[in-house]
Amino acid sequence: MDHASSASEHDDRLTPVPTLRQDYLTLTKPGIIGGNTISVLGGFFLAARGEVDPTLLLATLVGLALVIASGCAFNNVIDRDIDALMTRTRNRPLVQGRLTPAATLRFATLLGVAGFALLALFTNGLTVGLAVFGFAIYVGAYSLCMKRRSAYGTLVGSLSGAVPPVVGYCAVTGAFDTGALTLLVIFCLWQMPHSYAIAIFRLKDYRAASIPVLPVVKGIQTAKHYILGYILAFVAASLALSVAGYAGPGYFAVALGMGGYWLYLALQGYRADDDERWARRVFGFSILTITALSLMMSLDASLPPAAPLWAAALN
């Protein structure tokens, strides 16, 4: 152990100190913004059906990206004490003292004001309201309240993670219809096994920080049951987008294939010798799955509105 600690300290000395610009960029969690951008595009193009307003698209993408960046920066301030206890997050700028909470709060506020202003100027009231809802859930309900107190924090947080594709969709339609609701359900259900898989392979970090995620509170075996159940529900919800006529047969085939294999991976968990390795596979494939579905929603955008599959079957 002494040798490992010495090697770690040696590695830290060799690691270059990030620039101020890099630290501010780190606060925004670019990986989260990138993943959400793909889902926004999926929702936007699904609703646009090939009739794309470039200005609206750009404003929606940039505006929501700024709002998400703001939420992530606020989260850095809220979580700085528990971030110090976790291997994955202990090098973040606030933990290391390279940025102050006050400077981060000013930065987060500026991002949020700019993002909401852009959405208000170029989209519609519903879209702005959805962005406010997602922001409030992530920063308020999840980060400030539920994350440290309840295993249900993951479920509450999943609502904020499901907002981006709905924002993209409603920026085009201006209405929260069945298609928007289906997107919300799909992405909420996807968040759960995705997050539980992370909690399994980061179990030591969550225990060290006393964060009551499901695998910590009820054990890995119980988490496996939940992962399987949520993936089953996710597959049904994702297929419903085609059954209801919002997406075409190409999307249906991809959703069935990707969802089916993700389900197969979940079942493998009951025979896994290495839970951490298995959870990483479930996590990795979850990203591939939601990316593929978002892309297929975008590809279907060039088609006229599809007839529901159940109607086609009757004909």
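Predicted model: local features only at pLDDT ≥ 70, side-chain atom pairs only at ≥ 80, totals over all residues.
A disulfide is a pair of cysteine sulfur atoms within 2.5 Å.

C145 has 35% relative accessibility, so it counts as partly exposed. Now take C188. Its closest cysteine sulfur sits in C170, 14 Å off, and that is again too far for a bond. With 14% relative accessibility, C188 counts as buried.

Next, let's look at the rings. The model has eleven aromatic pairs. One of them joins Y196 and Y230: the ring centres are 6.3 Å apart and the planes make an angle of 55°, which puts the pair in the tilted class. Find Y196 in helix α11 (residues 178–201) and Y230 in helix α14 (residues 220–243); the two are 34 residues apart in sequence, so their pairing ties those parts together. Are these two tyrosines buried or exposed? Both Y196 and Y230 are buried.

Elsewhere, F74, F116 and F135 are linked by ring pairs into a cluster. Rings can have a charged neighbour too: K224 lies over the face of W278, 5.3 Å from the ring centre.

The largest cavity has a volume of about 50 Å³. Around it you'll find Y142, M146, K147, S150, A151, G153, T154, I211, P212 and V213. Helices α8 (125–146) and α9 (153–161) are the elements that each give two or more residues to this lining. What kinds of residues line the largest cavity? Six are nonpolar, three are polar and one is charged.

The second largest cavity holds about 40 Å³ of space. Its lining is made of I33, N36, T37, V40, L61, L64, A65 and I68, and the elements that give two or more residues to it are α3 (30–48) and α4 (54–78). By class, the second largest cavity is lined by six nonpolar and two polar residues, with no charged ones.

Notes:
Residues numbered from 1 in each chain as written. Heavy atoms only, no water. Phe/Tyr/Trp six-rings, centres within 6.5 Å; stacked < 30°, edge-to-face > 60°. Helix = DSSP H or I, 4+ residues; strand = E, 2+ residues; numbered from the N terminus. Buried < 20%, exposed > 50% of the residue type's maximum accessible area, 1.4 Å probe, protein only. Lys NZ or Arg CZ within 6 Å of the ring centre and 35° of its normal. 1 Å grid on protein atoms, 1.4 Å probe; cavity = no way out; pocket = protein on both sides within 12 Å on 5 of 7 lines; lining within 4 Å. Points joined across faces, edges and corners; volume = space filled by probe spheres on them. Nonpolar A, V, L, I, M, F, W, Y, C, P; charged D, E, K, R; others polar.
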